[in-house]
Amino acid sequence: MKRKGFFWMGLVAVLLVAGAAMFSGARHAAPPEPPVHSLPALPDTVRSSEDSLPVTLYGVDLSGYRVEQMYVGRNQTLADLLLPAGISMQKVVEISSLPDSLINERRIKMGNRYSLFFRPDSVVDFFVYEKDALTYVLVDLRGGSIAARQGMKPVIRQWKTAAGTIESSLWLAMKEQETNPLLAVELSEIFAWSIDFFGIQPGDQYKVIYEESYVDSVSVGIDRVLGAWFSHNGADFWGIPFMQDGVRSFYDEEGNSLRKAFLKAPLRYSRISSGFSNSRFHPVLKIRRPHHGVDYAAPAGTPVQTVGDGVVTKIGYQANGGGNYVSIKHNSVYSTTYMHLKGFASGLRQGQYVKQGDVIGYVGSSGLATGPHLDFRFYKNGSAVNPLRVEAPPVEPVGDSLRVFFDVKRTLVMQALRWV
């Protein structure tokens, strides 16, 4: 552990030095990524062991106050929260009349926390309602009329690492390692064009360096991935973040973009229930016939994404068994079709241009289907091909003018991942 600690301190120093050198030496290059740091500590929640220093909560000096923190119950209103504390109905009405941008009584949520600041004589001076994990509104009840302000809790950003071996799924592997499982979503998006996450094998491995935000010691999300490595079917895949043309994207160790022309799959976290075949036994018709697509079993209503940029050429209902379907032409060579949909994305129409990752519909069981699933079909020059075997070329690699800077970043990230 001590060895790793020294390494991380050294790595941060090298990153800062390298970043400064790149910034000063690259007049026409994209600026390096800003260093990772915490947001400024706000005076909203401060605790001190020094008697001479005040202790505050939501920016209020706690000297002389007794604070009661509770949670909104089912169907409770502002009156339900405040009248039992001795706050007058007139004050309750004034609070409910505040602009919706501060507090909207119709949107008070069960389970959200609120706080009351009591003086020694049991009079409430402040009422605080937490709108979400990060934002709160503080109402000052002192004086003849109320005053209110919105505040933000301090956000602490931490560099973290995670590594593991997959036995069943990436999601479960991360839960077993007590890692935020939302990191699995981040990795699936980074490697979406390189790895079919429906085909993850036991024994596949991952390593990742990332930044996670905390409020009140509770995670509020993954901010960004600082480097990733994935071993799948014996092959290594690297994810190295780099700024090019003002856009932060991920590249492999050769400087090729991980973003390719097509996603590996049109759904997240499902399973393949039927593959590409020239003679498959149809579960409804009870006969053998070609199945020139891949079936993804997923719950009804699961969003379906287009695997690439293109134009919607057909949208409607296939009477021959496909049910609700969408066809998209990506370029002069490739097109895709999505069948058995429950419904279409709002406003989707023929002739509309869609971008890779856009939701075009939702998993259903329309047409000849025994249960909810997506029948996904891929065509090359008008002929059906196996979607799982399509090799799509990457988009633009790192430019020659930035190559030296990428090489430095790649070396640092790959070395850091090897130590995870």
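How many bridges join β11 to strand β12, residues 235-244? I looked: five bridges join them, and the two strands run antiparallel.

**Ground rules**

I noted that this is a predicted model, where local features need pLDDT of at least 70 and side-chain atom pairs count only at pLDDT 80 or more, while totals for chains, interfaces and linings use all residues. Residues are numbered from 1 along each chain as its sequence is written, and side-chain values use heavy atoms, with hydrogens and water left out. My strands (E, at least two residues) and helices (H or I, at least four residues) are DSSP runs, numbered from the N terminus. Two strands pair if DSSP finds at least two bridges between them.

**Around β11**

Next I checked β10 with β11: they pair in the antiparallel sense over 11 bridges.

Is β11 mostly covered or mostly open? Mostly covered, I found: 11 of its 15 residues are buried. Buried means under 20% relative accessible area, exposed means over 50%, and partly exposed is in between (1.4 Å probe, protein chains only).

In α5, I listed L183, A184, V185, L187, S188 and I190 as buried. The buried residues of this helix pack against β9 (156-165), α4 (170-176), β10 (205-215), β11 and β13. Contact here means heavy atoms within 4.5 Å.

The largest pocket holds about 770 Å³. A pocket is an open set of points on a 1 Å grid over the protein atoms alone, where a 1.4 Å probe fits, with protein on both sides within 12 Å along at least five of seven lines; lining residues have an atom within 4 Å of a point. The volume is the space filled by probe spheres set on the points.

I got 34 lining residues, and the closest to the centre are E189, I190, W193, R259 and Q356. α5 (182-190), β11 (218-232) and β13 (247-251) are the elements that give two or more residues to the lining. β13 has the largest share, with five residues.

**A sheet elsewhere**

I traced five strands in an open sheet, in the order β4-β5-β6-β7-β8, with antiparallel pairing. At the edges sit β4 (66-71) and β8 (147-152), each pairing on one side only. Inside this sheet, five bridges join β5 (residues 113-118) to β6 (residues 124-130). There, Y114 has Y129 in β6 as its bridge partner.

D245 has a positive phi near 55° without being a glycine. I found D245 in the loop between β12 and β13, and this residue is exposed, with a relative accessible area of 66%.

Is H340 buried or exposed? Buried, with a relative accessible area of 5%. H340 lies in strand β21 (residues 334-344), and its phi is positive too, about 65°.

Last, I clicked on S383 in strand β25 (residues 383-385). S383 is partly exposed at 44% relative accessible area. Its C-alpha atom is 9.3 Å from that of Y334, which is 49 residues away along the chain.
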